[in-house]
Amino acid sequence: MRLPALFLAACAAAVSIAPSPTAAAAPPPARWLDHPESIRVMPVPSAEAETLRRFHALGPAGLRWFDAQGRARPVLAEALSLLAAAEDDGLHPGDYEADELARAVQSGRAAAAGNGTPSALPALDQRLSLAVLRFLRELHLGRVDPRRHGWKRRPARVEPDLAALLHQALEAGRLAPAVQALRPAWPAYETLRAALPALRAQAARETPAPLPVFRPSLRPGQSHAQAVRVFERLRFLGELPGDAPPPTDPTRYDPAWEPAVRRFQARHGLNDDGVIGPSTVAALNVPLSQRVRQVELSLERLRWMPPPPGQPLILVNVPMFRLWAYADATAEPALALRVIVGRSGKDATPSMMEELRYLVFRPYWNVPSGILRDEELPRIEADPGYLHRQNKEVVDGPADHSPVLPFGAEALAGLREGRLRLRQKPGPGNALGAVKFMMPNDEAIYLHDTPARSLFLRERRDFSHGCVRVQEPAALATWVLREHPGWNAQRVAAAMRDDAVPSQYVMLDRPVTVALAYFTAWAESPGAPVRFAADVYQRDAPLARALQRRRSD
């Protein structure tokens, strides 16, 4: 990033605060920081105050950023640089008093020409420590509580000893290694971070006129009076080269543009058919400033995530309706599949990280109590033949071998009262299909097959009650069981269609981490193009407001 002149001047001051022994005498300057308004008071939560106390207890008594003569240590310039460049990580320099601290250091250049150490220098030293500690913590863990933004519970994180880390960094005279160690280790973080400068520069350019909605949809080779706007927009977004010559016929969708349209559609979660319909027009017209915000919010959400696991990973990106499977979370994905997720609203799929521990082939579907109450009971009461047609039965107990009860008034009363359960037997119409992937959790969320195959052809795929339906469950099961002797694609296919065994449980020797995450900007592997998605659960705006409120409080 291009650093402001104020910061550059402050850095120069940071390495030259002490006066030369031969400097000419100067009139006594105002004491450095005698005026409290020169640094705005930063609110200090008790946890931060305790970290600051421990940090100062680790080092020698006195100042950490200045020597006994009030001269700035060389590492101070690096600290000011890091705070001023916080936006490179999608953070806000104002959260860390970057400008105020830079002004204070700059003003100290003249003040230090007086006699002795300025009396307010200890306060500045502490505020520098607090700002850097806050930056390090928020770079690593994020700025807001994830439970207010899609996570049912706080992600399992081990908070590093920031006081010790900063102390060691100052002893070594370098902050950069500690900063890099605290950035999220997910490859997507570096990819998104690297994309930010160019995206911001692009957003600052003059935007072409928005595209109209073409009715009917515009196909390659067809004509429309506004077709040239497609060319202009593709060139502006970088999908076509910046020096691409204007079309000879501005009213025709030149087939030479079709590969660029398809690339754009694929990166934005659209059917990549080259047809410019309403959803493609809507995505093309999204302001780049919004794309910048999506990247910044995705960086924040990555900070909430526990570190990449040291075991295989299945990552579901909910708003992209996509699943990626990794043998190593830092490498290329082995599988990329479409998924169906929970409906927007009360059935939204929560964000979580759990461990996949076993698979069930030809599973029973145990109808959740909410679905039983809101959907199944009204159907049963209205249609006596409903249970038989749907291959459902009433059971007394939670296990697969629980006794099946004849349906009648007593069974219906037991269902209403919650004493009995409703389940669907394995078979072609079973709601869970032929296999489910179990990751025990309090929300009863898991991955599974589905008989409703046509829904995977939709661009927007939030249709479930919260669980994740997988388009190619046999491929996923084969990948999950690849290290289990005897389990190949043929055996998986046989287990999914074996009518002789109602349900078959397969325990995993090594768990697979499952991450259900929410990123409207994402890159699935190191260096992959950044993908964007619509904010299907409307979570971006509340998160952006929460971060803005935090700055204004």
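How are α13 and α15 oriented to each other? They are roughly antiparallel, since their packing angle is about 165° and angles over 145 degrees count as roughly antiparallel. The model is predicted.

**Helices α13 and α15**

- Two packed helices are described by the angle between their axes and the distance between the axes.
- Helix α13 spans residues 369–382 and helix α15 spans residues 409–417, and their axes lie 11 Å apart at an angle of about 165°.
- The crossing in which α13 passes α15 is left-handed.

**Helices α16 and α17**

- Helix α16 covers residues 473–480 and helix α17 covers residues 489–497; their axes cross at roughly 125° and come within 9 Å.
- The two helices α16 and α17 are therefore oblique to each other.
- α16 and α17 cross in a right-handed sense.
- From α16, the residues P473, A474, A477 and T478 meet A489, V492 and M496 of α17.
- The contact of α16 with α17 contains six nonpolar residues, one polar residue and no charged residues.

**The second largest pocket**

- Rolling a probe the size of a water molecule over the atoms shows where empty space is left.
- The second largest pocket holds about 620 Å³ of space.
- Its lining is made up of 28 residues, and R137, L141, G142, R143 and R154 are the ones that lie nearest the centre of the pocket.
- Two or more lining residues come from each of α2 (46–58), α5 (121–141), α12 (288–304) and α18 (540–552).
- Among the elements, α5 gives the most to the lining of this pocket, with six residues.
- By class, the lining of the second largest pocket has 13 charged, twelve nonpolar and three polar residues.

**The cavities**

- Two cavities of 30 Å³ or more are found in the structure.
- The volume of the largest cavity is about 80 Å³.
- A set of 13 residues lines the largest cavity, and P187, Y326, A329, W522 and E524 lie nearest its centre.
- The elements α8 (187–203) and β1 (313–317) each give two or more residues to the lining of the largest cavity.
- In the lining of the largest cavity, eleven residues are nonpolar, one is polar and one is charged.
- The second largest cavity has a volume of about 60 Å³.
- The second largest cavity is lined by H149, W151, R301, W304, M305, S351, A517, Y518 and F519.
- Six nonpolar, two polar and one charged residues form the lining of the second largest cavity.

**Backbone features**

- Most residues other than glycine have a negative phi, and most peptide bonds are trans.
- Between R215 and P216 the peptide bond is cis, and its omega is near 0°.
- The loop between α8 and α9 (227–236) contains P216.
- R362 is not a glycine, yet R362 has a positive phi of about 50°.
- The position of R362 is in the loop between β4 (352–361) and β5 (365–366).

Methods. Residues numbered from 1 in each chain as written. Predicted model: local features only at pLDDT ≥ 70, side-chain atom pairs only at ≥ 80, totals over all residues. Heavy atoms only, no water. Axes fitted to C-alpha atoms, helices over the stretch in contact; angles between N-to-C directions. Helix = DSSP H or I, 4+ residues; strand = E, 2+ residues; numbered from the N terminus. Parallel < 35°, antiparallel > 145°, perpendicular 65-115°, else oblique. Left-handed = near helix turned anticlockwise from the far one by under 90°. 1 Å grid on protein atoms, 1.4 Å probe; cavity = no way out; pocket = protein on both sides within 12 Å on 5 of 7 lines; lining within 4 Å. Points joined across faces, edges and corners; volume = space filled by probe spheres on them. Nonpolar A, V, L, I, M, F, W, Y, C, P; charged D, E, K, R; others polar. Contact = heavy atoms within 4.5 Å.
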